[in-house]
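Keep the picture beside you as you read.

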Amino acid sequence: MVDSRPTQDGTRRRRQCGECKRRFTTYERLGPTDLKVVKRGGRPAEPFDHAKLVTAIRRVCAGRAVGDETVVRIARAIEAELVDRGTPAVASWHIADRVLARLQAVDSVAYRRFAADYIDERGQVRTEPRSDSVDDAAQLDLFAGPDGRDGDGGSP
C-alpha cells in the first residue's frame with residue numbers, strides 16, 4: 001500500500017502491484033448492517049438506514065455552521081457504536097439519545113431542534129410516540145353545567 005486516505009464514503013487506498021509495479025486505487029466502504037430499529041409505539045422494526053439518520057441530522061443542522069462532513073461523521077460514529085454493541089436490534093429512542101449527545105457538543109440550536117421531537121417535559125428521551133392530537137372525549141367541556149348539559153340551559 002502506497003497511500004491511504006479517509007473519504008466521505010470510506011477509505012481510499014493507493015496500492016502497487018508487487019510484480020509489475022503498476023499502481024491502482026481501491027475503495028473500502030461499510031457494507032449494510034443487519035441492525036434493526038425498534039420503533040416507538042409498537043410499530044414494526046425496520047432495518048437501520050444510515051441515510052435516514054444523516055437526513056434527520058441535516059434537517060436540524062439546516063442554516064447552522066455545521067458542515068456536511070460533521071453531519072456524516074456524527075452519523076457514522078453512531079452507527080459504528082450501535083454495530084459494536086453486537087445486538088441485533090436497537091430502540092429508536094436509543095439512537096435519538098446518541099444523536100442528542102453528539103449534537104449537544106457540536107451546536108446548541110441543532111440540539112434543541114432535535115430535542116423538541118425526542119425529549120419530554122421531564123427532560124427524558126421519549127420511548128413512546130408523542131400524542132399531538134387531543135382526544136375530544138378527554139377534553140374538558142367548558143360549557144357544560146354540573147348536570148352535563150350546556151350552561152345556557154340548552155341540550156348537550
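Which residue of β3 stands opposite arginine 14? Threonine 25 does. This is a predicted model, where local features need pLDDT of at least 70, side-chain atom pairs count only at pLDDT 80 or more, and totals for chains, interfaces and linings use all residues. Residues are numbered from 1 along each chain as its sequence is written, and side-chain values use heavy atoms, leaving out hydrogens and water.

**Terms**
- Strands (E, at least two residues) and helices (H or I, at least four residues) are DSSP runs, numbered from the N terminus.
- Two strands pair if DSSP finds at least two bridges between them.

**Strands β1, β2 and β3**
- β1 (residues 3-6) runs antiparallel to β2 (residues 10-16), and four bridges join them.
- In this pair, aspartate 3 stands opposite arginine 14 of β2.
- β2 also runs antiparallel to β3 (residues 23-29), joined by seven bridges.
- β2 and β3 form a hairpin, with six residues between them.
- Lysine 21 lies in that turn and has a positive phi of about 65°.

**The open sheet**
- Three strands form an open sheet in the order β5-β4-β6, with mixed pairing.
- β5 (46-47) and β6 (89-91) are at the edges with a single partner strand each, so one side of each has no neighbour in the sheet.
- β4 (residues 36-38) pairs with β6 in the parallel sense, over three bridges.
- Lysine 36 stands opposite alanine 89 of β6.

**The helix on the sheet**
- Helix α3 (residues 92-106) packs on this sheet and touches β4 and β6; contact means heavy atoms within 4.5 Å.
- The direction of α3 makes about 70° with that of β6.
- Such angles run from 0 to 180 degrees between N-to-C directions, and axes are lines fitted to C-alpha atoms, for helices over the stretch in contact.
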